[in-house]
Amino acid sequence: MEAINLLHHLNFSPPTSTTKSNLQNVLETPYPKTSSYRNSNPITSLKSRHAQIIKIPENSADSDIKIQSLITSYFELGDFQSATKVFFMGSPQKTYLHWNSFLEDFTTYGGGNPREILEIFVGLHNMGVTFGSETMATVLKLSANLSDSLLGLEIHVCLIKRGFDHDMHSKCALMNFYGRCWDLETANKVFDESSNRSSSLLWNEAVLVALRNERWSDGLQRFRQMNFSSVKANNSFVIAKVLEVCGKVEALDQGKQMHGYVIRNAMESNLLISNSLINMYLKNGFLELARVIFDLMENRNLSTYNSIISGYASLGYLEDAWLLMNEMGNCNLKPDIVTWNSLLSGNLHRGLYHEVLLLFQQMQIAGFEPNTRSVTTVLQAISELFCLNLGKSVHCYVVRRGLVSNLHVGTSLLDMYVKNNDLNSAKSVFDDIKESSIFAWNSMISGYSYNGDMENALIIFNQMRIEGIEPDLVTYNSMVSGYSMIGRINEALATIRQIKNSGLNPNVVSWTALISGSSQNGHHRNALEFCYEMQREGIKPNSNTIASLFRACTGLSLLQKGKEVHCISIKKDYTEDAFVCTALIDMYGKCGDLKSAYRVFQRAHKRTLASWNSMIMGFSTYGRGSDAVSLFHRMQEEKLQPDAITMTAVLSGCRNSGLVDEGWRFFDSMETEFKINPTIQHYSCMVDLLGRAGYLDEAWDFIEQMPIEPDSAIWGAVLRSCQIHDNVQLGEIAAKQLFRKEPHNPANYIMLMNIYAASKRWDDVDKVKDLMDRRSVKLGHVWSWTEIHKIVYVFSAMGDPRLDAEIYFELYKLMSEIKDKGYEPDTTCVYQNVDEEEKEKALLSHTEKMAIAYSLIKTKGNTPIRVIKNTRTCADCHRFAKHVSLVRRRHIILKDGIRFHHFVEGKCSCNDFW
């Protein structure tokens with residue numbers, strides 16, 4: 001009714017007769033300008049002229065011109081309804097050309113609502129006005145664009161009643177309507193019911209409908225069917241769209257076929273098609289073919305250059321992209337903001353964050369004002385560089401330019417502050433975002449989770465749900481990761497269950513976060529169990545899962561399990577992943593298989609600094625200091641700059657091999673050559689190196705000259721050195737410091753007791769025992785374990801009655817064999833005031849001897865024996881293992897808490913320096 005009422009102020013009655021002179025006066029009367037309309041009630045004046053025009057006979061030669069002028073005047077005055085009514089009623093036979101012109105004006109003048117066209121059409125139709133097929137088809141397209149499905153159905157009925165449904169344009173409009181407002185299948189029914197399929201117009205619409213519904217394969221299939229039907233596809237827009245899809249779905253073969261079709265039909269000169277071919281090849285990664293098309297083009301526009309520059313930049317050929325931009329002047333073209341943004345994105349994706357900042361500056365010097373994409377790109381670069389102050393400067397720019405309301409800019413600002421650990425500013429930006437997207441919520445939750453602030457993360461999570469935004473899998477995964485990283489495994493598991501209860505399914509990221517957090521917090525066995533559960537749910541591990549599993553196997557020293565995970569990584573082709581490769585090297589090195597660790601390192605195509613560090617540390621823990629130093633120099637030859645971890649690794653190698661001079665050179669070069677400030681770990685390595693080598697006075701002087709206060713690790717190194725070299729006086733000083741810093745660490749008391757026992761100071765031994773009792777210091781359990789046929793056997797001082805008889809029988813046999821080869825028990829390792837015979841019996845109960853004996857019983861052939869001990873091995877057990885490796889011809893790998901000993905044919909990898 002509203003549409004009908006709008007017609008009352010216009011007179012659409014049939015024209016009355018008028019005299020020639022009156023008609024001439026009307027035609028010759030000039031129309032007043034818009035400015036004069038405003039001065040004297042322009043709408044009233046215009047309607048008066050309108051009344052005169054409709055009285056002009058229909059056969060007037062200038063009638064169409066006057067009507068168009070009237071429509072334009074209504075548009076200029078902002079009366080879109082009257083303009084639309086004049087258009088509907090003014091020209092009885094409207095062609096598609098008329099409609100295109102009218103809709104273009106409707107859009108150009110702005111302020112009009114396209115829905116008004118539909119309302120006026122409905123009103124006129126209800127009054128009995130009849131329209132041609134062109135109008136019906138156009139209004140149907142408008143209905144589709146505005147998603148007015150009911151009106152579209154009514155128009156379809158009208159088309160059928162009036163016999164217009166067989167008109168080709170009407171068919172296309174119907175397919176477009178059903179494709180947009182219903183589904184592709186309904187649109188295809190209109191196509192299938194068409195009796196005449198020889199028109200390319202119909203086929204083109206069928207292809208476009210499929211593509212608009214993102215049914216890429218259906219669209220490509222429909223285009224092939226059109227060619228098989230001998231219908232020539234000559235619509236450049238459709239061909240360009242098909243080429244665009246070939247780029248999206250990386251359908252290179254279909255793209256090449258389309259290229260052949262273009263060549264056969266001599267369409268290479270079409271600029272739109274050539275640009276689409278360039279984009280198609282670029283999206284498929286074939287830069288060379290894209291460049292061939294570019295070079296063959298006689299005419300190029302700005303879009304052509306932007307496409308090829310974007311392709312070069314995204315694939316990392318940044319110098320070529322820059323040269324192409326400089327060549328644009330040869331075609332009388334100038335770069336636009338899209339060109340600059342392509343270069344910015346290319347540098348960002350290649351990790352050239354500093355270059356992004358320089359380009360951003362150059363772009364502004366060239367007179368271009370950064371848009372939202374430019375700002376988001378530079379904010380991402382700042383996030384990676386951790387340049388908080390620069391990020392704040394960009395934030396100020398965003399505020400000045402009024403870009404802060406843009407959702408993408410706001411989210412990028414939020415992400416920048418989160419990654420720079422400025423959560424207060426991030427929260428401020430978050431609160432200012434009027435319509436926060438799920439990405440903004442997730443970024444805020446992720447920021448709190450990453451920093452271990454799960455209380456605030458939970459507050460944001462609950463607030464998100466209160467405001468009606470349902471968490472997605474990314475949200476839940478951030479919560480799982482946060483809980484896992486701080487060791488709250490139960491809460492992480494509860495979140496996994498919450499994911500399932502919400503109707504979502506935990507994915508590999510969810511489980512990997514749980515596995516990674518567990519292994520980082522020392523819950524290695526839990527990490528393996530979570531992996532089994534993940535696989536039971538049918539989720540396959542990714543590279544991050546594999547790296548976390550390697551860390552779990554490393555923590556448990558489960559070499560065999562680590563090998564199984566290695567097999568999985570080979571099958572999944574993850575071994576070239578930098579994180580997986582580094583974790584694999586670390587696992588083999590710390591599980592007692594240095595040979596395999598080095599083999600993996602050698603085969604790695606891209607060695608990161610972390611992989612070099614792991615391998616150097618591997619050599620160091622095996623006492624192969626010379627190899628660690630050699631590998632360090634090899635790393636330098638490959639132009640890699642060492643970091644603090646590298647220096648710790650190589651200093652550890654010098655420490656474990658007694659390379660005092662080399663150790664001094666490396667330590668002195670840290671600040672002078674590598675610009676690395678020594679940390680407490682580096683000082684500790686030097687103290688341990690000097691102390692073990694017997695330079696206790698130099699170690700003491702070194703400690704006094706340190707610019708930082710010595711910690712328990714340094715005093716522990718001094719105490720161990722005093723035990724090795726029987727220095728009671730300095731040992732007492734170190735022990736006093738340790739008792740103050742670590743009053744409940746039993747290892748420190750035991751080392752001091754051993755120093756006293758070695759000097760036969762039994763009264764002092766008893767005093768230390770009394771001190772332990774007063775402080776309630778309990779001795780920790782000493783144990784060793786070995787893995788045999790995937791079963792772990794643990795041996796402790798308490799013994800196991802089921803195994804003891806068999807083990808001690810084997811031990812007595814071994815003692816007989818190795819004594820024949822010169823072995824003599826080192827009874828100085830027994831710090832008890834008993835006779836020699838009792839000391840020899842006590843030595844037999846050491847857990848590493850029991851583990852070695854049992855491994856010899858249960859394994860045959862040349863199988864290496866691997867034993868893990870939780871404390872430092874004694875000199876007698878070290879001597880015992882050397883002789884057993886000789887008489888039984890077995891490799892023995894013993895890890896004694898801080899390093900590995902590899903015994904082969906009576907020799908140890910540490911060269912007895914430990």
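This is a predicted model: local features need pLDDT of at least 70, side-chain atom pairs count only at pLDDT 80 or more; totals for chains, interfaces and linings use all residues.

Visitor: In which order do the six strands of the open sheet lie?
Guide: The pairing in this sheet is mixed, and the strands at its edges, each of which pairs on one side only, are strand 2 (791-796) and strand 6 (907-908). With those two at the ends, the order reads 2-1-3-4-5-6.

Visitor: Which residue is the bridge partner of Thr-786 in strand 2?
Guide: Strand 1, which covers residues 783-788, pairs with strand 2 in the antiparallel sense over six bridges. Within strand 2, the residue that partners Thr-786 is Tyr-793.

Visitor: At roughly what angle do the axes of helix 13 and helix 15 cross?
Guide: Helix 13 (residues 200-212) brings Asn-204, Val-207, Leu-208 and Leu-211 to meet residues of helix 15 (residues 236-248), including Phe-237 and Val-245. By class, this contact has seven nonpolar, one polar and one charged residues. The crossing is left-handed, and the axes, which come within 10 Å, cross at roughly 35°.

Visitor: How many residues are in the other core, the one apart from the largest nonpolar core?
Guide: The largest nonpolar core has 234 residues, of which Phe-88, Phe-223, Ile-239, Val-242 and Ile-309 touch the most other members. Ile-309, leaving aside its neighbours within four places in sequence, is in contact with residues including Leu-324, Met-328 and Leu-343. Apart from that core lies another, with Phe-795, Ile-818, Val-867 and Val-884 among its members, and its number of residues is 27.

Terms used:
Residues are numbered from 1 along each chain as its sequence is written. Side-chain values use heavy atoms; hydrogens and water are left out. Two strands pair if DSSP finds at least two bridges between them. Helices (H or I, at least four residues) and strands (E, at least two) are DSSP runs, numbered from the N terminus. Axes are lines fitted to C-alpha atoms, for helices over the stretch in contact, and angles run from 0 to 180 degrees between N-to-C directions. A crossing is left-handed if the near helix is turned anticlockwise from the far one by less than a right angle, and right-handed if clockwise. Contact means heavy atoms within 4.5 Å. Ala, Val, Leu, Ile, Met, Phe, Trp, Tyr, Cys and Pro count as nonpolar, Asp, Glu, Lys and Arg as charged, and the others, Gly among them, as polar. A nonpolar core is a set of buried Ala, Val, Leu, Ile, Met, Phe, Trp, Tyr and Cys residues joined through side-chain atoms within 4.5 Å. Buried means under 20% relative accessible area, exposed over 50%, partly exposed in between (1.4 Å probe, protein chains only).
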